[in-house]
Every structure is written in structure tokens, then in C-alpha cells.
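Reader: I am new to this structure. Please take me through one part of it closely, then show me what else goes with it.

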Amino acid sequence: MKYISTRNKGYSVSAAEAISRGLAPDGGLFVPETIPSISMDEVRDMGSKSYQERAFVILQKYLSDFTEEELKDIISASYGPNFDHKDVTPLHFVDSNTACLELWHGPTCAFKDLALQMLPHLLTRSLKKCGETRDVCILVATSGDTGKAALDGFADVNGTKIIVFYPDDGVSNVQKLQMVTQSGGNVLVYAVKGNFDDAQTGVKKIFGDKEFAATLSERGYFLSSANSINWGRLLPQIVYYFSAYCDFVNSGNIAWGETLDYAVPTGNFGDILAGWYAKKMGLPVGNLICCSNANNVLTDFLNTGKYNKNRPFYTTISPSMDILVSSNLERLLFTVSQNDKLVSDMMKQLFSEGAYQVDDSIISSIRADFRSGCCDDTATKDTIRKSYQEEDYLIDTHTAVAFRVLEQYRKENDTVPTVVLSTASPYKFCDSVLSALGKNVENSLGAELINALHETTGVKAPEPLKDLDKREVRFTGVTEKEDMITVVDQFLK
Ligand SMILES: *Cc1c(COP(=O)(O)O)cnc(C)c1O
């Protein structure tokens, strides 16, 4: 199986190279040259398998340059006791027609663990296959979830180091505590004076510094990123669409071959795109419902065919979906159009004008698989409260967006059996969840909020978030954005 660039389909590399490089040299994203197919018999066989075995079936189809043994090693290193549920991604049925896929049983309590617990193992093996002898140092600028998930994934993985920069005034208390108490001999966490943009710009500048790269190379290091455009982050996400389908059938609520819809809280379009790959492989997926918060650039795109990021940016209570440029959409545009020149031109337009328009044939083939909707913070909170009071089910702010959009969708459409993807534990966003339940949360610190949510609901806090305030704070460094490069330089001495 070869991978090609969305901006030059003549450029083709192995899976290991695609994962090692992250981005194609022309700035495009890597996509599989053809999407492998799966028969209904194979899907049915997956029904009696464990999550790890299901992952093996899917990964094997995409990573033909890895041996069976390598894949099994990668999978067992990624999904084990680090997840607090034996099913890894369990389904919780709200009613016989609606199930919630809990993707937050990993070490950092958000769905990014499914990809970031695996990426370090995929990446180090890929680098070895490509003859790379230097150690990789992952640089991350984070506004929250990604930083912690990357830290936890890369901690103590041989041949890697990781440095995470977070904005001094831009992450929640819980998120900050999660990062500064991170264990591992190869990790470093630093606050940057400024906002997320300052941290992000600083990291980009370090990546662009050729002289610094040469210095690091002499010391046996090179820099890489762990962001969501790497194929190695998308691939592990395809697995749970299959797994949820099998578990839905196993529950007796649908039969093999019947269609399921999936409602997905969406930001960078990575999670939902994994569902589209599952559908194109042959999983009986009906509609993929793309759910946005007030930053509804994708809702508008799916309605009009025009992608336009020239609009106000809203800071919402579902911050991981506060995104105006959904990078992974490029993969969909290319795969649907098969036109690399067109995709290049559209991405140039997005860069220069902040907008592009796709033609009718492209948007109508996209609409064959996707539906969309959005809601604001008031509706999100209302949904959290109703879910807790009426269904006795506590959900986080991102998951609530998906439930709300699904509710709107079902008012106008048939009620098809649906899986709602739950992307974070409610304990990760305690303040908003508590306030949705009518509690006053002003002036409370992270650890107090966790206790308050437990006292209010009786729902157990996930182990990794418990006693966060009692853990040793390992990282107290604060840097000016100009000095971020010195931080990296010192760490890699
Ligand atoms: C990252 C994230 C999302 C958005 O996922 P995308 O793949 O970027 O669409 C949704 N919810 C949570 C909690 C996240 O951390």
C-alpha cells in the first residue's frame, strides 16, 4: 500500500515514510493511494474479537510494510492497562437506538489518547524502517488536550524526547496540572508568556530554523511534530468506528449489515474523517453527522460548498472544537475529486484569501456521506443538564454538542440507529459541566472542581484526574517566546 500527497499524486511513499515525514514536501497531506476494502464477513468476524484484535485487522490493511509481529507489538504497547476499560472504547446505550461511544478511557481522559498512545510506537518503528538513526524530539504548542495526550504517549518511549509549550494564560487549571505533573525521563513542559498563538508561532519558528536543525543533527537529534495531520494519528481512529459497529450488533439492537449513523463533535475534521474511511472500506455507515459549536465553518461549508474562515472566532465551552481551519478536510477534498492541482489551488486560496469554493459535483458527492449542524453554548449546557437529569448520564461539553445536533437532525429526519462519539470525560471540563448543572464555580481551583463534580453527581472521577493536586509538580519553567529556542537547545545538550 502506497501513500500519495494530496497536492501531487505522482509523489508516492511507503506507509513508514508517510508516518516518518508527517507532511509531504509540497505541503500536502498523505493519503492512501486506494482505500482498502473489507467484506461483511470480515466485519462479522471482528464481532467476537477484542479491541486489540479488531485494531490488528484494520491496521494490517493500511500498513503493508509492517510485519504481523510488529503490528501486534505496536497494538499491545498502545492499548493495555493504560486504558481503564477492558473494551478500550465501550458503548453506553442511552436508548435502544442511540449509543454513546466513550473514547475517553485512556490516560488523559480524551479521545486523542486513541491516536497518541499509538503514534510514538508507529513513529519510532517507521523511523527505523526508513534508516533514521537520530533520536526524534517532538515539539508541541498546545492549547490543552493535545499537549497532555502527546506527553503521556511519548513519555519514556525509547529514542524520543518531547517538549510541550503551553500559553501561560490559556489553559484550564486541570489541564495545566495534568501537564506540569507529567512523569517520564524524556519530557519537558514549559509555560510561554503570552497566548496560544505566541506559543504556536514560537514553535513554528524553531521548526523553520535550518541552522538550529543542523546543530541538533550533529548532536544526534531531529525535530518533529505530533499534530493531527500525520497519517499515524488518523489511522488508529478508523478502528473504533468498526468496534462500535460490532458492539452495537452484539447488543442485539441491529443486525449485521444494517446501517448506523455516527454523530461526531468536530474540530480539525480528523475524527469524523476516520469514519468516512471506515465507510469507504465497506462498513455499513449511513450518515456521518458533522457537529460544530458556534465556530460553524464546517456547517456552512457542507451547506453551501464555500469554505470561509473570514468570520469571528468564538471562545466556547467546547474549546477543542474552536477551530476555523479544519486541516483534514484537505484529505476528503482530494480523495473525492482525485484532483491534486485543484486541491493545491484551493489551499493556496485558503492561505491568501481565507476562503475557497468547491464545485457542485464535489460538494454533492461529499453530501452523500455527511450531514451537519451546530449549536451554541446555551444549547450545549441545556443538553448536559437534560442528559444528566433525564438519562442519568453525565457528558462533557464536546459530547453534548453532538447530542444536541443529533436531536435537531432527528426532528427533521428518520430516526436511524446512531452512535454518538464522546470525545472527553466530563471531568476534563468540570467547570462548564458544573455550571450546566446549575452550580456556582467561580474562584474554584481545578482539584476543587473535580471534588465538587463528584459530590454533585456521584459519578466517579477517572483515576488519572484524581488527586491531581497532590502530585509532585515537576515543571515550573516560564519562558519569553523569544527564548523558546534556548529551552530546546538546553534540553537537547
Ligand atoms: C480534538 C478534540 C475534538 C475534535 O476532534 P477533531 O479530530 O479535531 O475533529 C473534539 N473533542 C475533544 C474533546 C477533542 O479533544
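Let me begin with one pair of residues. Which residue of E7 stands opposite Ala-141?

Author: Phe-165 in E7 stands opposite Ala-141. A word on the model before going on. It is predicted, so local features need pLDDT of at least 70 and side-chain atom pairs count only at pLDDT 80 or more, while totals for chains, interfaces and linings use all residues. Residues are numbered from 1 along each chain as its sequence is written, and side-chain values use heavy atoms, with hydrogens and water left out.

Now the strands around that pair. Six bridges join strand E6 (residues 135-141) to strand E7 (residues 160-167), and the two run parallel. Strands (E, at least two residues) and helices (H or I, at least four) are DSSP runs, numbered from the N terminus. Two strands pair if DSSP finds at least two bridges between them. E6 and E7 belong to an open sheet of five strands, ordered E9-E6-E7-E8-E16, with parallel pairing. Strands E9 (221-224) and E16 (478-479) stand at its edges. Each has a single partner strand, so one side of each is left without a neighbour in the sheet.

Helix H8 (residues 173-180) touches E7 and strand E8 (187-192). Contact here means heavy atoms within 4.5 Å. The direction of H8 makes about 155° with that of E7. Such angles run from 0 to 180 degrees between N-to-C directions, and axes are lines fitted to C-alpha atoms, for helices over the stretch in contact. Helix H21 (residues 484-491) touches E6, E7, E8, E9 and E16. Its direction also makes about 155° with that of E7.

Six strands form an open sheet in the order E4-E5-E15-E10-E11-E14, and here the pairing is mixed. The edges are strand E4 (91-95) and strand E14 (370-374). Each of them has a single partner strand, so one side of each lacks a neighbour in the sheet. Neighbouring strands are turned by 25° against each other on average, direction ignored. Helix H12 (residues 270-281) packs on this sheet. H12 touches strands E10 (260-265), E11 (285-292), E14 and E15 (418-422), and its direction makes about 170° with that of E11. His-92 stands opposite Cys-100 in E5.

The axes of H13 (residues 297-304) and H16 (residues 360-367) come within 8 Å and cross at roughly 115°. H13 and H16 are therefore roughly perpendicular to each other, a term for angles of 65 to 115 degrees. H13 brings Phe-301, Leu-302, Asn-303 and Thr-304 to the contact, and H16 brings Ile-363, Ile-366 and Arg-367.

Methods: Parallel < 35°, antiparallel > 145°, perpendicular 65-115°, else oblique.
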